[in-house]
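Visitor: I would like to learn how to read a model of this kind, one feature at a time. Could we look at it together?

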Amino acid sequence: MRIAVIGTGFGGLAATIELKKRGHDDIVVFEKAGDVGGVWRENTYPGAACDVPSSLYSYSFEPNPHWPHKFSRQPAILDYIHQVVDKYDVRRHIRFHTEVTAARWDDEAKTWQLELSTGETETVDLFVPAVGQLSRPSIPNIPGADTFRGDVFHSAEWNHDLSLAGKRVAVIGTGASAIQFVPEVRKDAAKVLLFQRSAPYIVPRKDFERTDPAHPIPQLLNRAKIWTQAEWLTTTFHIKPLAAVMRTWSKRHMKAQTAAKPGLFEKVWPDYPFGCKRVLFADDYLPALAQPNVDLITDDITEITSTGVTTADGQHHEVDVIIWGTGFKATDFLAPMTIAGTQGRDLHTHWKDGAHAYHGMTVPGFPNLLIMYGPNTNTGGGSIIYFLETQARYLGRYADHIVEAGHALEIRAEVEEAYDARIQDQLADSVWSKCSSWYREKNGRITTNWPSISARYRRSASYQKADYASA
């Protein structure tokens, strides 16, 4: 059986390694870039790091005793990915600088026909997109943005050739990336103007440097402890008294960190329920905002001109550089690929009201297609790698079932529809429905997040042959 995997981030590697462990070796992995790593290859902004402790943000089957920090920086995570690729003999399967632009199911041959950016085509039996939810930068449509005469870039496309020393820098956005790079940028810039649309809840990070290798048993116990803490954090999003405790903890931390600048706390304190947007971990972001060369601006942006940014209060802020810290197009699953299933049905048309899939992985009318990190498989408070390992195991059983059955498989429509109804019912009154965020579609449907703890996802995503029919 010929298998195609798209992407060499944590999802694509988990899928490939699981398939290889099960004896599936006819695998081609398409990677549009020239190196492995996914988001950890792309996001090289100053201060880039994971906000999940490294002992949990790593594969359970490949613990790393040499993490340099509790919360590892981007270079250490990318090094880890390289080590995994080489140890598990994945590199020989990878075709670099090759993007899958379109995929079409052949109803007669029962295979996927892939169109590649090289102009070639590839025929495979099983198609596994692992492009992630946070891979395509999102830039808001602000009037006049294309007229700005200075330098402009997104945090995921950092311009390392540009020195920010002595520059007036506008940072638009206050999400997970911005809170990491703003403290670094302000060290060089003459002035940082941070434009905030919505303030995040921030809790202590308590990072520390590691000097000695971790021993296997203590490392395993530490992983279990952090996993339990992550499950607790996710639980607090759904139980109001627990959310109140966490909100108080966050408030105490944020007040202490903004005390040096009168009026700053009132600007950074959120006005929505705890957990409705991504909760962030930081110990240096708020103190950076209290520095004399940093101004936090909370008025809406009305226009970008050739020389700067104009806000709703009528002020024009002249700057030399604009950095977009505005996140990713998380709800545009599998874009920009064109994917056609049985009878030519278009996947994005099928998802016009919001993406949905059985356990976030398989879609009726799209046989032998399994998505890694698909709809409703994001975690609100834990490690996505736990979810990816669950999905990789499901994929492995799915692939084995295809070989055993001797024909293509398709999730039964009634099974997927009933599952999606249950998930959306659980999400309808969740904390994530209480505000606008990247978790939601414009119509209000939550397409990114899993509604509960990660242990429940692992129990739920148990492969059952009866869920599938012959395609």
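Visitor: Let me begin with one side chain: is F274 buried or exposed?

Guide: Burial is read from relative accessible area, where buried means under 20%, exposed over 50% and partly exposed in between, with a 1.4 Å probe and protein chains only. F274 has 3% relative accessibility and therefore counts as buried. Before going further, note that this is a predicted model, in which local features need pLDDT of at least 70 and side-chain atom pairs count only at pLDDT 80 or more, while totals for chains, interfaces and linings use all residues. Residues are numbered from 1 along each chain as its sequence is written, and side-chain values use heavy atoms, with hydrogens and water left out.

Visitor: Which kind of aromatic pair do Y201 and F274 form, and why?

Guide: A pair of aromatic rings is described by the distance of the centres and the angle of the planes. Rings of Phe, Tyr and Trp (its six-membered ring) pair if their centres lie within 6.5 Å, and planes under 30 degrees apart are stacked, over 60 edge-to-face and the rest tilted. The ring centres of Y201 and F274 lie 5.2 Å apart with the planes at 65°, so this pair is edge-to-face. It links distant parts of the chain, 73 residues apart, since Y201 sits in the loop between strand 10 (191-195) and strand 11 (202-203), and F274 in the loop between helix 7 (264-268) and strand 12 (280-281). Helices (H or I, at least four residues) and strands (E, at least two) are DSSP runs numbered from the N terminus. Y201 also counts as buried, at 1% relative accessibility.

Visitor: What is Y201 in contact with, beyond its neighbours within four places in sequence?

Guide: Contact means heavy atoms within 4.5 Å. By that reading Y201 is in contact with R247, S250, M254, W269, P270, Y272, P273, F274, G275, V279 and L280. For S250, which is 49 residues from Y201 along the chain, the C-alpha atoms are separated by 6.6 Å. Ring pairs also join Y201 and F274 into a cluster that includes F237, W269 and W432.

Visitor: How many aromatic pairs does the structure hold?

Guide: There are 30 aromatic pairs in the structure. One of them, W112 with F127, is tilted, at 5.4 Å centre to centre and 45° between the planes. Because W112 lies in strand 5 (residues 111-116) and F127 in strand 7 (residues 126-129), this pair ties together parts that are 15 residues apart in sequence. Both W112 and F127 are buried.

Visitor: Which residues touch the most other members of the largest nonpolar core?

Guide: In soluble globular proteins, nonpolar side chains tend to be buried together. A nonpolar core is a set of buried Ala, Val, Leu, Ile, Met, Phe, Trp, Tyr and Cys residues joined through side-chain atoms within 4.5 Å. The largest has 104 residues, and those touching the most other members are F10, V171, F181, V185, Y285, L289 and I323. Helix 10 (residues 384-405) gives the most to this core, with 10 residues. Another core, apart from it, has 25 residues, including L116, V124, I339 and W351. As for L289, residues up to four places away in sequence being left out, it touches V182, L194, K261, L264, V268, V294 and L296.

Visitor: What lines the largest cavity?

Guide: On a 1 Å grid over the protein atoms alone, a cavity is a set of points where a 1.4 Å probe fits but cannot get out, a pocket is an open set with protein on both sides within 12 Å along at least five of seven lines, and lining residues have an atom within 4 Å of a point. Points are joined across faces, edges and corners, and volume is the space filled by probe spheres set on them. The structure holds 1 cavity of 30 Å³ or more; about 60 Å³ of space lies in the largest cavity, and among its lining residues are V131, R136, K329, D332 and A335. From A335 the chain continues to P336 through a cis peptide bond, with omega near 5°, and P336 lies in the loop between strand 17 (321-324) and strand 18 (338-340).

Visitor: How is the second largest pocket lined, and which residues are the closest to its centre?

Guide: That pocket has a volume of about 300 Å³. Of its 15 lining residues, F237, H238, K240, V431 and K434 are the closest to the centre, and helix 6 (residues 240-258) supplies the largest share of the lining, 4 residues.
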